[in-house]
Amino acid sequence: MKFFIDTANIAEITDAYAMGMVDGVTTNPSLIAKEGRGFQDIIKEICEIVDGPISAEVISTDYDGMIQEAGKLAKIHDNIVVKIPMTIDGIKATKTLTEEGIKTNVTLVFSPLQALMAAKAGATFVSPFVGRIDDISSDGMLLVEQIVEIYGNYAFDTQVIVASVRNPLHVLDAALIGADIATIPYSVLSRLASHPLTDKGLKAFLDDWKKAEK
Ligand code: G3P
């Protein structure tokens with residue numbers, strides 16, 4: 001299973017990369033806006049740190065605009081994956097970009113049929129947003145199960161990125177279902193490493209060591 005980090009923050013990416021936990025990076029306009037720096041500069045810097053797929057999202061909502069932006073983004077680095085919103089224009093753009101050899105990540109996916117369309121358009125990745133589905137009292141991980149099953153039925157190559165991850169259980173469920181990737185915010189990634197019994201056990205070892213005759 002691959003871990004992507006869901007952030008545009010260079011310090012977080014650098015730290016998680018040092019742990020060996022970053023196989024790729026996903027960004028979105030909201031994450032970029034939080035950093036208060038230029039989009040291209042941030043994306044270039046991320047590409048220098050991480051050798052893996054780096055998702056950068058288009059802002060245009062029409063087909064022509066998406067294609068134009070995607071061309072510019074793809075020129076930044078070979079590892080760029082163009083993130084395209086799941087709309088009719090987005091699906092058309094995904095088809096064209098796939099034909100041109102540009103990698104895509106179809107984002108804002110909330111139903112299995114949207115994911116099926118993304119795969120049929122040739123998307124490299126699809127991003128179901130599990131946390132936002134949970135937020136409206138529905139079951140985000142059920143969507144991931146359905147997508148993984150459908151893609152398995154027809155041997156689609158599109159890889160499933162579990163996105164909008166809000167807690168460690170989302171990562172556990174993604175792994176149990178067999179999703180290809182979870183894209184994880186830094187705060188959740190840190191929590192994956194923690195367990196109160198680890199902390200308690202370590203403290204006991206160190207206390208005993210201090211007491212022992214040496
Ligand atoms: O990268 C997109 C996605 O992970 C957004 O997450 O928490 O804003 O729903 P969230």
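**Loops and the ligand site**

G20 sits in the loop that joins α1 (10–18) to β2 (24–26); helices here are DSSP runs of H or I with at least four residues, strands are runs of E with at least two, and both are numbered from the N terminus. The model is a predicted one, in which local features need pLDDT of at least 70 and side-chain atom pairs count only at pLDDT 80 or more, while totals for chains, interfaces and linings use all residues. Residues are numbered from 1 along each chain as its sequence is written, and side-chain values use heavy atoms, with hydrogens and water left out.

G20 counts as exposed because its relative accessibility is 54% (exposed means over 50% relative accessible area, buried under 20%, partly exposed in between, with a 1.4 Å probe and protein chains only). From the C-alpha atom of G20 to that of L31, 11 residues apart along the chain, the separation is 22 Å.

S137, in the loop between α7 (130–135) and α8 (140–154), is not a glycine, yet its phi is positive at about 60°. With 73% relative accessibility, S137 is classed as exposed. S164 also has a positive phi, near 60°, again in a residue other than glycine. S164 belongs to the loop between β7 (159–162) and α9 (168–177), but this serine is buried, since its relative accessible area is 11%.

S164 turns up again at the ligand, in a shell made of D6, N28, K83, F129, R132, A163, S164 and R166 (a residue is near a molecule if one of its heavy atoms lies within 4 Å of it). By type, this shell splits into four charged, two polar and two nonpolar residues; Ala, Val, Leu, Ile, Met, Phe, Trp, Tyr, Cys and Pro count as nonpolar, Asp, Glu, Lys and Arg as charged, and the others, Gly among them, as polar.

In the case of R166, a side-chain N or O atom is 2.9 Å from a ligand oxygen. For N28, the distance from a side-chain N or O atom to an oxygen of the ligand is 3.3 Å, and for K83 such a pair is likewise 3.3 Å apart. On its own the ligand has 310 Å² of accessible area, and the protein covers 83% of this (areas come from the Shrake-Rupley method with a 1.4 Å probe).

Conventions. Polar contact = N/O pair within 3.5 Å; in protein donor to acceptor, adjacent residues only side chain to side chain.
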